Amino acid sequence: MRNVLSIIIGAEEQKDFADFMYGLCAEEGNFYLKNDIWLKWRQWCLEHDKSTGIMENSRTAQFLKKLNELLIVEGLILLMHRYERGKIRLYRMSSNCDHMQEISISRYFDYKDAYVLGNLPAANRDTLEIDFMPFYDYSPSVRTIKNVGNGISFLNKHLSSRMFHKSEEWGEKLFDFLKLHKIDGQQLLVNPAILQTRNDCIVAMEKTLNILETHDLETPYATLERDMKINGFEPGWGYNAGRIIETMELLKGLFYEPRSDILEEFISRVPMISKVAILSPHGWFGQENVLGKPDTGGQVIYILDQVRALEKYLMEEYELAGITVEPRIIVLTRLIPNAGDTTCNQPKEDIIGTDHAYILRIPFYDDNGNILQDWISRFKIWPYLDRYAADCEHELLGQLGGRPDLVVGNYSDGNLVATLLADRLKVTQCTIAHALEKTKYLFSDLYWDNMEQDYHFSCQYTADLIAMNKSDFIITSTYQEIAGTAERMGQYESYQYYTMPGLYQVINGINLFSPKFNVVPPGVDEANYFPYYQADKRTESRTQHWEKRLFHEVSPDIHGHLLEPDKPPVFSMARLDRIKNITGLVEAFGMDPELRKQCNLVIAAGTIHMEESGDVEERNEIEKMYMLIEKYQLGGHMRWLPSIPKQETGEVYRIIADKAGMFVQPALFEAFGLTVLEAMQCGVPTFGPIFGGPSEIIVNKESGILMNTSKPEMMAGDIRAFLAICEKDPDYWRMISENGITRVRERFTWEKYSDKLIRLTKLYGFWRFAESEEGMIRMSRYCDLFYHLFLKPKSKSVLMAS
C-alpha cells in the first residue's frame, strides 16, 4: 500500500510529525477527539520549542486541525481526517510512525470495534454492514457542500433542465400531474374528460386566454366559471381574471421554455395540500401546564406555532386559487390517562388560535391490549410505535375522510411513525429531527451497549436511519444541523459513517448531498413575543403579577429569595436535563463573586421538588441544583421557579428587559434555539451557545453574545465581559437589544416558514410523481428489511430491560 505520509505532511516536516505521533503511541489504548489532538500538539510544540508558525500554520498543524479522531489500538494509530464538511479519509499509521496509508471505512471500523470489544480480532468480517448510498442512484446530488441545505433550488434547476431537453415527454408528465388533483371529490385545474393530452391543454389555454383578456383583470372567477369549464378548466387557477392569466402563462412557459423560477412559481400555485398530519408521540403534548415536564419543551412550542401559521397560509392560498376549502391539520400525539394537571388525557383538543386544527391523542397499548396509563421516557417508547402507527392510520382516515396530503414527523419517534404512515398511505413525507441525539451524547454509538439500559440508542439511531432515508424531504432549522462547521460535525453528517460495536457498522448512513435537505428556520409568535417598550400591548396587572413572582413572592413551588431584587437579572428558562445545562449556568454564577455582586440569577426550570419528577435525568439535575446552591451559598442571590406557562413567557422576557437584564441559553448543544429567538424578539440581550443553531441566529457581539458553554468559568467570563462593556458604554445594552429585534424580524418569521414548507411539499410531490418514485421503491424495500428484521425485534429488548 502507498505511503501517503510525505504527500500529506511533506518531507521537511515528516520527522516532527513522526516524533509527535510516536509520543502518542506511548499512551497505548487512548482515544483522542478533535480538541484533545490539538491540545496535545500545542503542548508538544511548547515542550520542543517550536515556533508559533509551526504550531499554527505548518502542514502538520493544518492536517491535525482537521483530524476528527485518533485511536491507538494494537500498536497502530488510526486517524479520521475530515478534510472538508461531509467528506472524510481514514488512515492507518505504523507503530514506528514512518508509514501511513489510507484504509477503507470497513477496515477502520474493525479497529474501532476491536478497541471497544477487546477480544474481537481486527480482521473480523462477520459484522452487519449498512450502506444506503447505492439506493440513491435515482436522485441527482448537490455538487458542493456550500449548496447543501438548499435542495428546492437545486431540484428546480434539475427538473427544469429535464423538461427543457425532453419537452414533449415532460410536458405530458406535467399535464398528467395536474389531472390528479381533487379536493373533497371536486376536480381541480383540468377536466380529464375534455382535456386528455398536453396538446389539448395548450390549445384550450390559448382559447381561454383570449376570452380572459376581454375581461377586466379584477373580474371574479364566478363570472368566468362557465367559459372556463366549457374549455376544460376546473377551479384552482385563480380568484380573478388577472390571477388566472398569470397562472396559465406560467404553465405555457413550462411547456415551451421551462426555467427553474417558472417551475417553482407554477407548482407553488397548484392547490394540492389541504390535509396535513403532524406526528409528535413522546412527552406531554398540550397547550397548558406541560412546558418543563420531562421530554417537553421547544418541540411543543414549534409545532403549535407551526400549525397556526400553516393553517393561515393555506387559507390564504386557497382564497388566491379561487376555491373555498377548509384546511385540516391534525397533530397526533400520545394519550396519557394519568395526566395530572394537563389535558394529555383528552382524546381531542382544539388548537387555540386556529379554526380547523386540533390535537388527536392516541394511547399506547401493552402486549395484552391494555392502555398504558403513565408517561414514558422518549428513550423507552420504541416497543409501542408499530401498533401506534397502525392506530394513527385508522384514526386519520376516519377523521379526514381519506388520506392526508402531507405527513410531517418530529424527532426520532415521530419520524419513524410518519415513515410507517407515509408508506402505508402513499403520501409525501417530511422529516424534522429537532435534535438528533447522536451528537449530544458523546460516544453514544461506540459505547451504545453501556448506555442501552437507560437510553436504547440501538433503537433510536436505527429509527433515525430509516426515517431520514425514506423521507421525501428533510427540513432543518440551520445549515449546521446538516453539515456542521469547519470545526464541528453536523448532526446529519454524524450519521454518514459510524459503528456500534457488536451491532452493526454504518458504511454510509445518509447521502448528505441529496437534494432532500432544506434549511427552513421557524419564527416566533409575534402576538406573544414583542419588544418590551411596546407598552400599549402590555397589561399592567399581568406585569405586576410576574414581577412579584419572579423577584419577591414566597411560594412552596419557588426556591430562594433575593436580598437586592432590583439588580439586573441573569435569566434562563429550559427543561432541567443534562444537555440544557442549567446547572452549568448556576455553577458559573456561583463561582464568580463579581457576577453575584452585580446581578441576580433567576431560573425557571422543571420543579424544585424531587418527588414530583419521574425522570431519572431530571432528578439527577435537581439534586445537583441543590448541591450547587449549598456549595456557593446562593441564598439571597438566586431564585428557582418551576417552568413558566408558554403563554406567559413573552411577558417574563419583557420584565427581564425592563430591569436591564439578560437571557442566557446555556445548553451544551442546541439544535436551533426557539427561546433564543423569543428572548431576542422581546428585546432582551441574549447569550447562546456556539454549539449548534444559535450561532446561525446570533451575530456575535452585534445581535447577541455567543459563548462556549462547555465550562462554567467560560460562561461566567462572557457574562462578566458584557457587563463591563455596558458599564463603560450605557448604549451597548440597548444596541444589542435593538439589533436582536431586527435580526429576528428580518430572518425568522412563520410566514416565510409556511411558504417554504408548502412549496417544498408540492415540488417534492411533483418530483416523486414524475421521476423518483421507481428509484425510491428500492430504497424503501431496503429500509423495510432493516425495520422488520432488525428494529422491530430490537425494540422488544426495551421492554425486557424495563
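Visitor: How many bridges join strand β19 to strand β20, and in which sense do the two run?

Guide: Helices (H or I, at least four residues) and strands (E, at least two) are DSSP runs numbered from the N terminus, and two strands pair if DSSP finds at least two bridges between them. In this predicted model, local features need pLDDT of at least 70 and side-chain atom pairs count only at pLDDT 80 or more, while totals for chains, interfaces and linings use all residues. Residues are numbered from 1 along each chain as its sequence is written, and side-chain values use heavy atoms, with hydrogens and water left out. Strand β19 covers residues 569–573 and strand β20 residues 600–604, S572 has I603 as its bridge partner in β20, and the two strands are joined, running parallel, by five bridges.

Visitor: Which strands stand at the edges of the sheet that holds them?

Guide: The sheet is open and its six strands follow the order β21-β20-β19-β22-β23-β24, with parallel pairing. A strand with a single partner has one side left without a neighbour in the sheet, and this applies to β21 (638–641) and β24 (705–707).

Visitor: What angle does helix α22 make with β21?

Guide: Axes are lines fitted to C-alpha atoms, for helices over the stretch in contact, and angles run from 0 to 180 degrees between N-to-C directions; contact means heavy atoms within 4.5 Å. Neighbouring strands of this sheet are turned against each other by 20 degrees on average, direction ignored. Helix α22 (residues 616–631) packs on the sheet and touches β20 and β21, and its direction makes with that of β21 an angle of about 165 degrees.

Visitor: Where does α3 lie on the sheet that begins with β1, and at what angle to β1 does it run?

Guide: That open sheet has five strands in the order β1-β2-β3-β4-β5 with antiparallel pairing, and its edge strands, β1 (31–33) and β5 (100–102), each pair on one side only. β1 pairs with strand β2 (residues 67–73) over three bridges, and F31 stands opposite L71 in β2. α2 packs on this sheet as well, touching β1, β2, β3 (76–84) and β4 (87–93), with its direction at about 55 degrees to that of β2. As for α3, this helix lies across β1 and β2, and its angle to β1 is about 95 degrees.

Visitor: What kind of aromatic pair do F20 and W41 form?

Guide: Rings of Phe, Tyr and Trp (its six-membered ring) pair if their centres lie within 6.5 Å, and planes under 30 degrees apart count as stacked, over 60 as edge-to-face and the rest as tilted; a search of the whole structure finds 48 such pairs. F20 and W41 have ring centres 5.3 Å apart and planes at 80 degrees, which makes the pair edge-to-face. The pair links distant parts of the chain, 21 residues apart, with F20 in helix α2 (residues 14–25) and W41 in helix α3 (residues 34–47). Buried means under 20% relative accessible area, exposed over 50% and partly exposed in between (1.4 Å probe, protein chains only), so F20 at 3% is buried and W41 at 0% is buried, and the kind of pair asked for is edge-to-face.

Visitor: Over which ring does the charged end of K438 sit?

Guide: A charge sits over a ring if NZ of Lys or CZ of Arg is within 6 Å of the ring centre and within 35 degrees of the ring normal. Ring pairs link F379, Y441, Y455, F457, Y461, Y495 and Y498 into a cluster. At 5.6 Å from the ring centre, the charged end of K438 sits over one member of this cluster, Y495.

Visitor: How many residues of strand β12 are buried?

Guide: Both faces of the strand are covered, with Y358, L360 and I362 buried on one side and I359 and R361 on the other. Strand β10 (residues 328–334) pairs with β12 in the parallel sense over five bridges, whereas strand β11 (residues 348–350) is joined to β12 by three bridges and runs antiparallel. In strand β12 (residues 358–362), the number of buried residues is five of five.
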